[in-house]
Amino acid sequence: MWTIEVDQVSKAFASDRGRVVTADGLTLTAAAGEITAVIGESGCGKTTLLRMIAGLETPDSGSIRFTNPEKPDTAPRISVVFQEPRLFPWMTVRENVSLAVRELPGSEKWGRTDEALKAVRLCDAADAFPKELSGGMAQRAGFARAIAQSPDILLLDEAFGALDALTRTVLYQEFQALQSERRMTVLLITHDVLEAVMLSRTILRLRGGVIDESFAVPFPYPRSLATPGAGDLSHRIYGTFFTGEKEEIK
Ligand SMILES: Nc1ncnc2c1ncn2[C@@H]1O[C@H](COP(=O)(O)OP(=O)(O)OP(=O)(O)O)[C@@H](O)[C@H]1O
């Protein structure tokens, strides 16, 4: 399994408002086979961090490394799930998901596609078109597309953010089941503290271009909204945004 190591990364953009610094010597580790959440206020640089890890953006300085002692000379497969599933409207769900593995020979391509649809419980909607899907189903298709690539590392950019609260809660359960089977290294970008508590082992707070706080989430999986202590912990973490509290919660 792969560890993500972000070391002293800095990144700034020139904009109408002047120079926007999104990372300023940012260092973090996302542990192998675990879910690590990065939380932070709107505009603090979460998506930019994810895009740098995905290779879609280049840091101005610093380094991003992926390490796996069992595979020293290879690179991990990285998939991203965005807030909007971005499905092609003229293709069925199955065809959309198959695009993720289009380079594979026919039988393997469809095998991997159907396996991914099964993993996200979307087999019944395989032949539907995107306009026929609910928001939750469309996002499941987005997850299927990422999973079809058998990623070692999965980057989630507000992947549950566009869903209503009930659908989101169902998807949290499903994602935990998926992760217990696949043991991917997951970086979850969110501004929803409760979501981070539901899913992640460690929560990192991004503020001022650095990770300024780290919170361990001790609850065993699978977790739900009824998990004792989960609500309290999310309130305490949420509260730190307003009090500037410098507390490391273990
Ligand atoms: N390509 C770009 N060019 C100029 N500015 C950018 C670019 N990408 C991001 N920014 C700026 O960098 C800052 C951080 O953006 P980013 O999307 O990483 O924040 P975020 O924490 O993900 O925000 P949100 O939670 O609202 O999605 C913002 O001020 C944004 O406008």
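Predicted model: local features only at pLDDT ≥ 70, side-chain atom pairs only at ≥ 80, totals over all residues.
1. Arg236 sits in helix α7 (residues 230–243). Helices here are DSSP runs of H or I with at least four residues, strands are runs of E with at least two, and both are numbered from the N terminus. Arg236 counts as partly exposed because it has 16 C-beta neighbours inside 10 Å. The scale: buried means 20 or more other C-beta atoms within 10 Å of a residue's own, exposed means 12 or fewer, partly exposed is in between, and C-beta atoms are placed from the backbone.

2. Numbering starts from 1 along each chain, as its sequence is written.

3. Ile4 belongs to strand β1. Ile4 is buried, since 22 other C-beta atoms lie within 10 Å. Thr67 is 63 residues away in sequence, yet its C-alpha is 6.7 Å from that of Ile4. Beyond four places in sequence, Ile4 touches Thr29, Ala30, Ile53, Phe66, Ile153, Thr185 and Leu187. Contact means C-beta atoms, placed from the backbone, within 7 Å.

4. The largest nonpolar core has 62 residues; Ala37, Ala144, Leu155, Leu187 and Leu188 touch the most other members. Such a core is a set of buried Ala, Val, Leu, Ile, Met, Phe, Trp, Tyr and Cys residues joined through C-beta atoms within 7 Å. Helix α4 gives the most to this core, eight residues. Ala37 contacts Leu188, Thr190, Ala196, Leu199, Ser200, Ile203 and Leu204, leaving aside neighbours within four places in sequence.

5. The ligand is surrounded by 13 residues, the closest being Phe13, Ser42, Lys46, Thr47 and Thr48. Two or more residues come from each of β1 (3–15), β2 (18–30) and α1 (46–54). The top contributor is α1, with three. By class, the shell has three nonpolar, nine polar and one charged residues. Ala, Val, Leu, Ile, Met, Phe, Trp, Tyr, Cys and Pro count as nonpolar; Asp, Glu, Lys and Arg as charged; the others, Gly among them, as polar.

Technical notes: Contact = placed C-beta atoms within 7 Å. Near = placed C-beta within 6 Å.
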